[in-house]
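I am opening a notebook on a structure that is new to me, and I want to look things up one at a time. The entries below keep to what I could look up.

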Amino acid sequence: MWSSFEDAQAALQRLVERAPDVGFRVALVGAEIGDLDWQIREKLRFADGTYQPTPWHDEPWYQSKHEAHFCHVSMEQAGKIAFTENAAKGAMDRQLVMSPGRYLNRFFCEHLDNNAIEGWCARLSVQLQEDTLKITQDADEIEDVYVGGPSSCMAHTACGFDSSCHPTRVYAGPDTALAYIGSREDAKARSVIWPSRKIYTRIYGDVSRLTLLLEGAGYTEGSLNGARIRRIEDDDHFVVPYIDAGGDLADDGEYLVIGHGSISCESTTGLANDPWYCPHCDSDGSPYDSVYLSGGGYEEWCYSCFHNHSSFCEHNECHYSDDENFITVYADDSSHSIIEEDAVAFGAVYLEDRCQWWISRCCRQCDGSGGWFHMEDLTEYHGEWLSDDHLPEPFDDDDTSCANAHILAYRQFHDEMAAIHADVAKWQAAGERARAARLERERDEAERLRREALRHDVDKPHDGSCSPGENHLSPGIPGSRFPAIAMTAPLSSAAASQAGA
């Protein structure tokens, strides 16, 4: 018996290490599973293996919500997650099933960008073994994967090339092979690899999933320079594909060796040493840079076409043809140019009233219609944000001048309060200035009186003696025997005296 679930779970881990073949579970003493608090019930399901945790289970950004969501791999729908939507649903033991990408974007978009979300979805897919890594050196299988899989300059049927056979058939050994996921006829991703050195090259298609599988198998990204490929002659030429991760080829009489010679591997015609033609303008020349296709894949364009007929998408940081549909996404202090089909992934929403795309952080949905509006175009009404079309009816339906009187009164109240606060601040500032001026005058008057008193003391004799024949009696009272008493006048009297002098 332990005082807390956490202590019991820690003890369970120690017991499992000591007795791995024994099945243990954590339970609440003296209670049936149905009597447990729903949060304890969910914890027990993780502890006894009923729930399979997600790949992000131990991440700090998720753990802050774990005891509210208890997110786990769905037991009902393959490839999805399930979580507790709220406490009421938790008490009823009802979980919401959702795709992992939608869940992460909905609750953790402030922590994860689109690339990170895609990466976590890929990890879940690998964890669930939805895709297995396939490696082949069979020429027919390699050709099928290229033709039916992700788009690229080599993903065409054999008749689309000038060579006598599909150029990718040269990857069928002895050093190179093709790694892919998905079916042979419809691969989700592919990469040319060097199995003996555990090197993979550029990945086409589902980059995240294939990367995880290859790296999980011990592969690292690198170059094919030094690898041998099949030597297939075609009249006076060699059959050669466009090679991403290697230099020109050398002919050793039995194989072609990547990166060791001068046989060109930058042509997309399927033959080495043939002139290269820009797929955009059909002019011969040399490839300058890649221009991507919105449906997947890319093309190598010449310098002129790249600079004059392509645009940069700020979402995925690639150049696309000007023929693609670009949109401008506004923010309060900037704007972004992106491919329209990436608008949602970029975090943009379309505002019907403005006929513009805006970044979602500047907007919110009207609680009445569910439509998206800029924050400035909504009015808060009793905790809800409403567009003008969904504000409540006015109090005075007969007086057209009082349309939406409650909203006008609400705004007028805030305007009046703001004016009052401004007046109060103004008078407080004036009062402070008057007080400072008064204090300054009092200090000046005190200083003047002090100096006047000092002058008066300097004019009086200091030894107390009188000149011969001088009477000690007060001159104002002749013959009086009463002594004269010297008194200091009050400050106010002195001030009056000086004023009348």
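**Entry: the model itself.** I note before anything else that this is a predicted model, and I read each value below with that in mind.

**Entry: strand β6 and its partners.** I began with strand β6, which covers residues 187-194, and asked how many of its residues are buried. I found that seven of its eight residues are buried, so I put the strand down as mostly covered, buried here being under 20% relative accessible area. I then looked up the pairing with strand β5 (residues 177-182), and found the two strands antiparallel over six bridges, with Ala177 standing opposite Ile193 in β6. The link from β5 to β6 is a hairpin of four residues.

On the pairing with β8, I noted two bridges in the antiparallel sense, and I found Arg190 opposite Tyr204 in β8. Strand β7 (residues 199-200) is also joined to β6 by two bridges, and these strands run antiparallel, with Trp194 standing opposite Ile199 in β7. Between β6 and β7 there is a hairpin with four residues between the strands, where I noted that Lys198 takes a positive phi near 55°.

Entry: A search of the whole structure gave one cavity of 30 Å³ or more, and I wrote down a volume of about 120 Å³ for the largest cavity. Its lining is made of 18 residues, and those nearest the centre are Tyr146, Tyr171, Val192, Tyr242 and Asp244. Which strand gives the most to this lining? I came back here to β6, which gives three residues. Sorted by class, I counted 11 nonpolar, four polar and three charged residues in the lining of the largest cavity.

Entry: I then turned to open space, and found about 1700 Å³ in the largest pocket. The pocket is lined by 42 residues, with Asn114, Asn115, His315, Ala345 and Phe346 nearest its centre. Among the elements that give two or more residues to this lining I found α5 (100-108), α6 (114-127), β8 (204-205) and α10 (343-346). The largest share comes from α6, with four residues. By class, I recorded 17 nonpolar, 16 polar and nine charged residues in the lining of the largest pocket.

Entry: I followed β10 to strand β14 (residues 255-258), where the antiparallel pairing runs over three bridges, and I found Ile229 opposite Leu256 in β14.

The other sheet I looked up has four strands in the order β22-β21-β24-β23, and is open with mixed pairing. At its edges I found β22 (335-339) and β23 (348-351), and because each has a single partner strand, one side of each is left without a neighbour in the sheet. Here neighbouring strands are turned by 40° against each other on average, direction ignored. Strand β21 (residues 326-330) and strand β24 (residues 356-359) pair in the parallel sense over two bridges, and the bridge partner of Tyr330 in β24 is Trp358.

**Entry: helix α2.** I found helix α2 (residues 38-47) mostly covered, with eight of its 10 residues buried. Among the buried ones I listed Trp38, Arg41, Glu42, Lys43 and Phe46. Just after α2, I noted that Gly49 takes a positive phi of about 90°.

**Entry: Glu141.** Is Glu141 buried or exposed? I placed Glu141 in helix α7 (residues 139-148), and its relative accessible area of 17% makes it buried. Leaving out residues up to four places away in sequence, I found that Glu141 touches Thr136, Tyr180 and Arg184. I also looked up Arg169, which is 28 residues away from Glu141 along the chain, and found their C-alpha atoms separated by 8.9 Å.

Definitions and conventions. Residues are numbered from 1 along each chain as its sequence is written. This is a predicted model: local features need pLDDT of at least 70, side-chain atom pairs count only at pLDDT 80 or more; totals for chains, interfaces and linings use all residues. Side-chain values use heavy atoms; hydrogens and water are left out. Two strands pair if DSSP finds at least two bridges between them. On a 1 Å grid over the protein atoms alone, a cavity is a set of points where a 1.4 Å probe fits but cannot get out, and a pocket is an open set with protein on both sides within 12 Å along at least five of seven lines; lining residues have an atom within 4 Å of a point. Grid points are joined across faces, edges and corners, and a volume is the space filled by probe spheres set on the points. Ala, Val, Leu, Ile, Met, Phe, Trp, Tyr, Cys and Pro count as nonpolar, Asp, Glu, Lys and Arg as charged, and the others, Gly among them, as polar. Buried means under 20% relative accessible area, exposed over 50%, partly exposed in between (1.4 Å probe, protein chains only). Contact means heavy atoms within 4.5 Å. Axes are lines fitted to C-alpha atoms, for helices over the stretch in contact, and angles run from 0 to 180 degrees between N-to-C directions.
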